[in-house]
Amino acid sequence: MKITHRWTIAVVSALALTGLATPAQAAPTAPTVQCEFTPTPENPAARPVQPPSPTASAKGTAKAVLQTNYGLVAIELDKANAPCAVHNFRHLIRSWFYQHTQCFRLTASQRLGVLQCGDIHEVEKGGPGYRFPDEVTGKETYPRGTVAMGNQGPGTNGSQFFVVHSHANIDPKYSVLGRVVWGMDTLDRIVAAGIADGADDGAPAHPVRIHFALTT
């Protein structure tokens, strides 16, 4: 993978802004939860990856940075809100699952304004070869900047996630990973580039690619 000098400077800046570059400090043992990652042999892994360990931290936050061809997106992940989803997301980042992938869906309707990523082959095709349950209370909302798990029905979480670029007037069925803390202008540029064929739900008019991702 070739990383330009400009990218290197941008990534370091984003990491510093989000605290990702700050040296780790000793901390008390955090509470944990047990997660259930169930293999899906009918939908094998699109890339070589094993399920995460079943134990996830359930306290505090973590950081993640996505380097896209439109710019950086820095995310604050909420381990207390969705510990298994955050644990899985960080595991996939560390396994390079999202490296050189494409975000296949962009929506801009009165009901839904999101960028959907994490599928290796196409929309809802190309997951990690396992699934895990939802972490929802029924009171979730999805304002601009929310990052949440995508799914194909209850308990089908895997690698798919979406970022709300404007609004998402949807039922509270999607585990909230966290929020964008830097780089919403990147999402705005993606939206401004449009959706293929002038639709309000479909592939971005110009490909949106995740070159690589980093996490604490």
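Biologist: Which way do strand 10 and strand 11 run, and how many bridges join them?
Modeller: Antiparallel, with 3 bridges between strand 10 and strand 11 (residues 161–168). Strands here are DSSP E runs of at least two residues, numbered from the N terminus, and two strands pair if DSSP finds at least two bridges between them. Mind that this is a predicted model: local features need pLDDT of at least 70, side-chain atom pairs count only at pLDDT 80 or more, and totals for chains, interfaces and linings use all residues. Residues are numbered from 1 along each chain as its sequence is written, and side-chain values use heavy atoms, with hydrogens and water left out.

Biologist: What stands opposite A148 in strand 11?
Modeller: F162 does.

Biologist: And how many bridges go to strand 12?
Modeller: 3 again, joining strand 10 to strand 12 (residues 176–182), also antiparallel. There, T146 stands opposite R179.

Biologist: Are the faces of strand 10 buried or exposed?
Modeller: Both are covered: T146 and A148 on one side, V147 and M149 on the other, all buried. Buried means under 20% relative accessible area (1.4 Å probe, protein chains only).

Biologist: New topic. Where is Y142?
Modeller: In the loop between strand 9 (130–131) and strand 10. Y142 is buried, at 3% relative accessible area.

Biologist: What does its side chain reach at 2.8 Å?
Modeller: The backbone oxygen of Y174. A polar atom of the Y142 side chain also lies 3.4 Å from the backbone nitrogen of K173.

Biologist: Which residues is Y142 in contact with, beyond four places in sequence?
Modeller: Among them are A148, F162, V164 and P172, where contact means heavy atoms within 4.5 Å. The C-alpha atoms of Y142 and V164 are 7.0 Å apart.

Notes
Buried < 20%, exposed > 50% of the residue type's maximum accessible area, 1.4 Å probe, protein only. Helix = DSSP H or I, 4+ residues; strand = E, 2+ residues; numbered from the N terminus. Polar contact = N/O pair within 3.5 Å; in protein donor to acceptor, adjacent residues only side chain to side chain.
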